[in-house]
Amino acid sequence: MTATVLPGTEVAVFAAAVRSALSDLPPDELDELTDGLEADLTERVDESGLDLGDPAAYAEELRAAAGYPPRSARTHIGGTLPNLRTLGDNVRRNWAQLLVERPLVASIAAFVLTLRPLWWVFRGVGVHAALAAFFGVNALTWWPIALAFVVLSVQVGRGWMLHRAWVRWAMRVASVVALLAAPVLLNLTIIAANNSNYEMYEPEAYYPQGLTRDGMQIDNIFAYDAAGEPIDQVQLFDQDGNPLNLVGDISAEFWGAQDGSMVVPSGDVPGRVGWNVFPLAHANSWSDYEDDGALDESEVSETRFPTPSVKPLAGYVAEVEPAN
């Protein structure tokens, strides 16, 4: 017949203190170890009538008898902190209970487990990216090392060498490193995707119209003969017989010069605008144009040559006209 122990009695208080001293043990083991504790204590009191003593010492006796190590010295800060020795077992037990009680969670967990090979690959790539960033090298250049990390991660994920504690710890560290490297890899992926869709803009090269010298527009051309004398109204053509045009627009009626004035083509060329007749004449200002856009011929002035003459060509001897 089991003795009934009323709450608040000496035995009940002592038993509660013993359980508190053993609270670092897993719940199942604690229940097994203290099963029938009140009955044993009641029998002990009835037989000897002695004081039950120190509950902490009694708990240590039970712990030692069951083969458990002494309680950690951390107990002086309270029994609310988890025991790291039993934390893993407690987490696994609670997780298993959750899977039983929550079918939806169990279904999601089963789906996630099927994705483990992807995680193994990512773990290898993540470790490689983290090491490349740490040593300041290009991860893409050293891609064979990334491949080696991926193979190693997959093999360990399949169970290779997992019986060794250091391998398990190394994989845990690698997993943490991969998680920390995930934002960096995501950012690099986004940058690569944007670069693949980005068309490099190359501005069209600008080629000035007409003729240029050192990138500057040529406003006029002055010709001199072999004797070094200026030639007025000389017609110039290119290699194909096309009229030479400084302006670039064969139909233009005027063109702004570098000095702020306007150059105008010759009006003496039949059937076209005489932009190839040099030197070009000048109109002093925009006001020289009439209301209908026509140039007032009276305002057109001949262009002065830059020098009255130049040195004659080597070996040239000017013909002397005979005296009358």
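I started with Gln233, which comes out partly exposed at a relative accessible area of 40%. For my own reference, buried is under 20% relative accessible area, exposed is over 50%, and partly exposed is in between, using a 1.4 Å probe and protein chains only. This is a predicted model, where local features need pLDDT of at least 70 and side-chain atom pairs count only at pLDDT 80 or more, while totals for chains, interfaces and linings use all residues. Residues are numbered from 1 along each chain as its sequence is written, and side-chain values use heavy atoms, with hydrogens and water left out.

Gln233 has a positive phi of about 60° although it is not a glycine. I found Gln233 in the loop between strand 4 (230–231) and strand 5 (234–235). Helices (H or I, at least four residues) and strands (E, at least two) are DSSP runs here, numbered from the N terminus.

Next I checked Pro279, in the loop between strand 8 (277–278) and strand 9 (281–283). The peptide bond joining Phe278 to Pro279 is cis, with omega at about 0°.

**Helix 4, one side and the other**

Which residues of helix 4 are buried? In this helix (residues 55–65) I get Tyr58, Ala59, Leu62 and Arg63. Looking down the axis of helix 4, these buried residues fall within an arc of 140°, so they line one face of the helix; the arc is taken from the directions from the helix axis to the C-beta atoms. An α-helix has 3.6 residues a turn, so residues three or four places apart point the same way. On the other side of helix 4 I see Glu61, Ala64 and Ala65, which are exposed.

At the start of helix 4, a side-chain oxygen of Asp54 comes to within 3.2 Å of the backbone nitrogen of Ala56. After helix 4 comes Gly67, with a positive phi near 85°.

**Helix 1 against helix 4**

How do the axes of helix 1 and helix 4 cross? The axes of helix 1 (residues 10–21) and helix 4 come within 8 Å and cross at roughly 55°. Axes are lines fitted to C-alpha atoms, for helices over the stretch in contact, with angles from 0 to 180 degrees between N-to-C directions. That makes helix 1 oblique to helix 4; under 35 degrees counts as roughly parallel, over 145 as roughly antiparallel, 65 to 115 as roughly perpendicular, and the rest as oblique.

Helix 1 passes helix 4 in a right-handed crossing. A crossing is left-handed if the near helix is turned anticlockwise from the far one by less than a right angle, and right-handed if clockwise. From helix 1, Phe14, Ala17, Val18 and Ala21 meet residues of helix 4 including Tyr58, Ala59, Leu62 and Arg63. Contact means heavy atoms within 4.5 Å.

I then went to Leu41 in helix 3 (residues 37–48), which counts as buried at 0% relative accessibility. Leaving aside neighbours within four places in sequence, Leu41 is in contact with Val11, Phe14, Ala15, Leu52 and Tyr58. Its C-alpha is 9.0 Å from that of Ala12, 29 residues away along the chain.

**Helix 7 against helix 8**

I found helix 7 (residues 116–135) and helix 8 packed at an angle of about 140°, with axes 7 Å apart. That makes helix 7 oblique to helix 8. Helix 7 passes helix 8 in a right-handed crossing.

Is Ser153 buried or exposed? Ser153 is buried, at 3% relative accessible area, and lies in helix 8 (residues 143–157). Leaving aside neighbours within four places in sequence, Ser153 is in contact with Trp120, Arg123 and Gly124.

Leu118, in helix 7, is exposed at 60% relative accessible area. Leu118 and Val154 are 36 residues apart in sequence and 9.1 Å apart in space, C-alpha to C-alpha.

**Ser175 and Arg123**

My last stop was Ser175, in helix 9 (residues 165–197), which is buried at 16% relative accessible area. Leaving aside neighbours within four places in sequence, Ser175 is in contact with Trp119 and Arg123. The side chains of Ser175 and Arg123 are joined by a polar contact of 3.5 Å. A polar contact is a pair of N or O atoms within 3.5 Å; within protein, one must be able to donate a hydrogen and the other to accept it, and residues adjacent in sequence count only if both atoms are side-chain atoms.
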